Amino acid sequence: MGIDLLQVIEQVGREKEIGSAVLMEAVSAAILSASRKTLGAALDLRVEFDQRSHSFMLYAVRKVVEKVANPHVEISIDEAQQLNPGIQPGDEIKSEVKAKEFGRIAAQTAKQVIIQRVKEAERESVFQAFKARVGELVGGVVQRVAKGNVIINLGKAEAILPPREQLPREDYRIGDRVRAYVLDVKKLPRGSQIVLSRTHPGLLAKLLEIEVPEIYEGIVEIKAVARDAGERAKVAVASRDSNVDPVGACVGYRGSRVQAIVRELMGEKIDVIAWKDDPASFVRSALAPAEIESVEAVQETHTLNVLVADGQLSLAIGKRGQNARLAAKLVGWKVDVKGRGEAQKELEQPIKPEVEAAAPVSESPPPAVLRLAELSGVGEKLAGRLIEAGLDSYQKLADASEEALVQVEGVGPKTAQKLIEVAKAALASRDAG
């Protein structure tokens, strides 16, 4: 059977942007399916495309065996060698099958196979095309709104803008043109699902790239973006050319460039900030317009402790913490903003218990213990035990009997005698002085 479909296949491939190989495989599968309907499933049929005649050829394939058990799929070695003298057992031999014209059911089956394969190829083509565009900006027309999800026609495919990715206070009507960020592309059983976002920081970066030629040309670089979508955003930019002011380039003459983006984002305020490598310096700019007194960078916890005057605290933190939160996202560090009064209270609290805890450590032994410990052979522990026994002075120790002294723990007869002697000597020395 010969079917010249090459030109048709190439034309359909161009129209649907599907590779010719995919379409040829689809037609082969269709011919094979229809042939099995006509010739039965017992034969091992295969379809090949003949490049010389530009036609599809149908073959029945049989395996060469010593003893034939199934004549539909096997051929004896003797019979096979008559067709091909060099063939060996285990090889396959194929013979062209002149198929009859397909019946109605077979033709319908072939049609369904081709339609199914073409749809699958189209879905795969769309998936691959938009998978490569994740992170890019796309434009489309609102087709419908269903349960809060906005369905946008991108031309070759439909995309979904879920409620969580929509700007607050933004209404979508059928026919509206929308620009959005390609957030994700998923492969589902019924085709690809393209998820768009109007809240992603990447959308702001892409809009700046369109409005600011210096960014598109690579002279100005967007280093970081932080957004509270629909309310406020902060963008950090740096210039590769010392003659180009990155902030001025983004803002434009009288704010013309940034205002175009503000309108696109439904009035979202945009702060453009010069990037700095030092986080402590960078966070000062990121927290503007608040005036910062000092910044301490704690590397261990990756935290920037920011100190401001009490009057600047609300400005630094912002409404519902928005300014500090965006600054932290922009800098990439935790940002802890404190007023001077609050910081002073925190400094005072840990000092007090430290003083109280230190007091017992610095406490000196009682004076009586120290005096007795000055005697030769008497340490602080022995002096303490002597005082507990009522011998708290040189005079009482000199007047004590040996029998009384040996009652003190650690004092034997010899030590008792020596204690009496050193006590008397100390008294004599004092009297002589």
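Strand 11 (residues 232–239) is largely enclosed by the rest of the structure, because seven of its eight residues are buried. Buried means under 20% relative accessible area, exposed over 50% and partly exposed in between, with a 1.4 Å probe and protein chains only. Strands (E, at least two residues) and helices (H or I, at least four) are DSSP runs numbered from the N terminus. The model is predicted: local features need pLDDT of at least 70, side-chain atom pairs count only at pLDDT 80 or more, and totals for chains, interfaces and linings use all residues. Residues are numbered from 1 along each chain as its sequence is written, and side-chain values use heavy atoms, with hydrogens and water left out.

Strand 11 has two partners described here. Strand 10 pairs with strand 11 in the antiparallel sense over eight bridges. Two strands pair if DSSP finds at least two bridges between them. Arg227 has Ala233 of strand 11 as its bridge partner. Three residues separate strand 10 from strand 11 in a hairpin, and Gly230 in the turn has a positive phi of about 85 degrees. Strand 12 (residues 269–274) runs parallel to strand 11, joined by six bridges. Here Ala233 is partnered by Ile270.

Asp228 belongs to strand 10 (residues 220–228). Asp228 counts as buried, at 16% relative accessibility. Beyond four places in sequence, Asp228 is in contact (heavy atoms within 4.5 Å) with Glu268, Gln322, Arg325, Leu326 and Lys329.

Helix 11 (residues 322–331) is mostly covered, with eight of its ten residues buried. Gln322 and Leu326 are among the buried residues of this helix.

Ala400 lies in the loop between helix 15 (394–399) and helix 16 (402–405). At 14% relative accessibility, Ala400 counts as buried. Leaving out residues up to four places away in sequence, Ala400 touches Leu391, Leu405 and Ile420.

Aromatic rings were also examined. The whole structure holds two aromatic pairs. In one, the rings of Phe49 and Phe56 have centres 4.9 Å apart and planes at 65 degrees, so the pair is edge-to-face. Rings of Phe, Tyr and Trp (its six-membered ring) pair if their centres lie within 6.5 Å; planes under 30 degrees apart count as stacked, over 60 as edge-to-face and the rest as tilted. Both Phe49 and Phe56 are buried. The charged end of Lys94 sits over the ring of Tyr59, 4.6 Å from its centre. This requires NZ of Lys or CZ of Arg within 6 Å of the ring centre and within 35 degrees of the ring normal.
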